[in-house]
Amino acid sequence: MATVDEIGQEKQRISERLARLDAERTKLADQLNELEVAERVLTRFGGKASTTERRRRGRPARTAPTAGGERRARGGQQAPSVSLSDATLKAVQAHGEGATAGEVLNYLSREFGMTVRPNHLGIALQRHRRAGRLENRDQRWYLPPSPGSAQSAMTS
């Protein structure tokens with residue numbers, strides 16, 4: 001019977017240790033969430049975030065790590081090296097025959113690794129349209145003809 005008692009004690013000890021680890025994991029997850037919130041606030045209000053790891057603003061922070069400790073979701077992703085505004089212009093420029101908003105979204109994702117919400121892309125496209133950097137014809141976005149090419153076409 002001594003062996004059964006030892007097994008029971010070992011099970012109890014392991015259960016207590018597991019409970020302590022779970023409590024510590026929860027505490028660390030809460031601290032991580034607080035740091036991520038602080039980072040977003042600093043970034044939004046003019047401060048520069050010093051880490052290269054960033055979370056998307058539209059998503060709530062996770063409280064539990066994934067199984068097996070493979071937190072790859074945004075861990076290896078760097079902050080975009082180009083702004084949404086510049087990337088949008090480059091995406092339209094890459095599509096010489098004009099680009100739909102969906103094609104621009106796919107290009108941003110593929111070439112720049114950017115995850116852009118559709119309404120944010122729409123705002124950027126409209127801002128370029130109002131500034132005269134883009135034109136919208138038949139649901140497609142085009143770069144306007146450059147002044148140099150219009151003059152050379154008229155003189156030819």
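Modeller: Among contacts in the protein chain (heavy atoms within 4.5 Å) between residues at least 6 apart in sequence, 49% join residues at least 24 apart. Keep in mind that this is a predicted model, where local features need pLDDT of at least 70, side-chain atom pairs count only at pLDDT 80 or more, and totals for chains, interfaces and linings use all residues. Residues are numbered from 1 along each chain as its sequence is written, and side-chain values use heavy atoms, with hydrogens and water left out.

Colleague: Which elements are there, and in what order do they run from the N terminus?

Modeller: Helices (H or I, at least four residues) and strands (E, at least two) are DSSP runs, numbered from the N terminus. Here the protein chain has five helices and two strands, in the order α-α-α-α-β-β-α.

Colleague: How do I read a pair of packed helices?

Modeller: Two packed helices are described by the angle between their axes and the distance between the axes. Axes are lines fitted to C-alpha atoms, for helices over the stretch in contact, and angles run from 0 to 180 degrees between N-to-C directions. Take α2 (residues 84-94) and α3 (residues 101-112): they pack at about 110°, with axes 9 Å apart. So α2 is roughly perpendicular to α3 (under 35 degrees counts as roughly parallel, over 145 as roughly antiparallel, 65 to 115 as roughly perpendicular, the rest as oblique).

Colleague: Which residues of α2 and α3 make the contact?

Modeller: From α2 come Leu 84, Ala 87, Thr 88, Lys 90, Ala 91, Val 92 and Ala 94; α3 brings Val 104, Tyr 107, Leu 108 and Phe 112. Sorted by class, that gives nine nonpolar, one polar and one charged (Ala, Val, Leu, Ile, Met, Phe, Trp, Tyr, Cys and Pro count as nonpolar, Asp, Glu, Lys and Arg as charged, and the others, Gly among them, as polar).

Colleague: At what angle do α2 and α4 cross?

Modeller: Roughly 75°, with the axes of α2 and α4 (residues 118-131) coming within 10 Å. That makes α2 roughly perpendicular to α4.

Colleague: What does Leu 89 touch beyond four places away in sequence?

Modeller: Leu 89, in helix α2, touches His 128, Arg 133, Leu 134 and Leu 143. Leu 89 and Tyr 142 are 53 residues apart in sequence, yet 9.4 Å apart in space, C-alpha to C-alpha.
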